[in-house]
Every structure is written in C-alpha cells, then in structure tokens.
Amino acid sequence: MFSTKGRYALRIMIDLAQQNSTEHIPLKDIAERQGISKKYLEIIAKELVKNKILEGASGKHGGYKLTRAPQDYTVGEIIELMEGPIAPVACLAPNSEECPRKDKCKTLSMWEEFQKLEHDFFYSKHLSDLINE
C-alpha cells in the first residue's frame, strides 16, 4: 500500500503538469486545488526539489515547476522517490539480507514475477499519461 506522501507527490506533479506553465506555481494554489494541507505539501515538495524532480523558487514570484516535460517523468520514479523501492516482500528489497530459506522457498518466484509486473507497470506510466486521462 502506498502512503499519502507518495500519492500526494503524484498529485503535485499532475497539478503542475496540467498548468502547462514555464512560471513557478505557488504551493498555496496547488494546495487549494488539491484540497491538501499546504504544510504537508511543503514537506513533499522539498523532497522533490532535493531530488531535482521539481525546481523551487522563493519570493514574490516563487513556487514550483517541473524540471522536465511531463512525458519524461515515470510514475515509478516518483513513487520510489517518495516511498522507497517497490518490493512486495522484504527479501526482495534492495540491500536486504539474503533469506536463509531462499533455496527452498516455494513462493519466491511468484514474488519476483509480481515485483517485475509492478515495476514494469509503474515505469511504463508517464506523468503525461495521467494528465491526458
């Protein structure tokens, strides 16, 4: 299950893409349109700026804007940035210790297949796909 942090990050990105502006969009405007607390969006936006997904500017004409075209963002990269790696079970998470049951686990191949399906699904969806639906 994805947290509000990941879901709201997608909503920020979609909102900015829909504005189709080269200008910075104030976070208060995004918060109003999305019905989300500005304070919570500030936390998420900072993370997106830190990872160069968004560009932020302060001051009178401050706000946020995309650093790339909507078709150049995948849903997978946004979700993984906010949520961490998409892994259905702990033993498939990056840097996890090798499971002592790995050689005799009857479900491992199923989890690996599901992880690939999930990864391929989210990385095949682009921000532009979401704004055009």
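**View A. Lys 65 is partly exposed, at 22% relative accessibility.** The model is predicted: local features need pLDDT of at least 70, side-chain atom pairs count only at pLDDT 80 or more, and totals for chains, interfaces and linings use all residues. Residues are numbered from 1 along each chain as its sequence is written, and side-chain values use heavy atoms, with hydrogens and water left out. Lys 65 forms a salt bridge with Glu 55. Their closest N and O atoms are 3.8 Å apart. A salt bridge here is a side-chain nitrogen of Lys or Arg within 4 Å of a carboxyl oxygen of Asp or Glu. Lys 65 sits in strand 2 and Glu 55 in strand 1, so the pair ties together parts that are 10 residues apart in sequence. Glu 55 is partly exposed, with a relative accessible area of 35%.

**View B. Strand 1 and strand 2 pair in the antiparallel sense.** Strand 1 covers residues 54–57 and strand 2 covers residues 63–66. Four bridges link them. Strands pair if DSSP finds at least two bridges between them. Helices (H or I, at least four residues) and strands (E, at least two) are DSSP runs, numbered from the N terminus. Gly 56 has Tyr 64 in strand 2 as its bridge partner. The hairpin has five residues between the strands. In this hairpin, Gly 59 takes a positive phi near 105 degrees.

**View C. Two further salt bridges, from the six in the structure.** Lys 28 and Asp 29 meet through their side chains at 3.1 Å, N to O. Lys 28 is partly exposed, with a relative accessible area of 46%. Asp 29 is partly exposed at 23% relative accessibility. Glu 77 pairs with Arg 68, the closest N and O atoms being 3.0 Å apart. Both ends are again partly exposed: Glu 77 at 21% relative accessibility, Arg 68 at 30%.

**View D. The buried residues of helix 2 (residues 27–34).** They are Leu 27, Ile 30, Ala 31 and Gln 34. Their arc around the axis is only 100 degrees, which puts them on the same side of helix 2. The arc is that of the directions from the helix axis to the C-beta atoms. Gly 35 follows helix 2, with a positive phi near 65 degrees.

**View E. The buried residues of helix 4 (residues 75–83).** Val 75, Gly 76, Ile 78, Ile 79 and Met 82 are buried. They cover an arc of only 165 degrees around the axis, which puts them on the same side of helix 4. They pack against helix 1 (4–19), helix 3 (38–50), helix 5 (108–124) and helix 6 (127–131). Just after helix 4, Gly 84 takes a positive phi of about 95 degrees.

View F. Met 82 is buried, with a relative accessible area of 9%. Contact means heavy atoms within 4.5 Å. Met 82 and Gly 6 are 76 residues apart in sequence. In space, C-alpha to C-alpha, Met 82 and Gly 6 are 5.2 Å apart.

Note on methods: Buried < 20%, exposed > 50% of the residue type's maximum accessible area, 1.4 Å probe, protein only.
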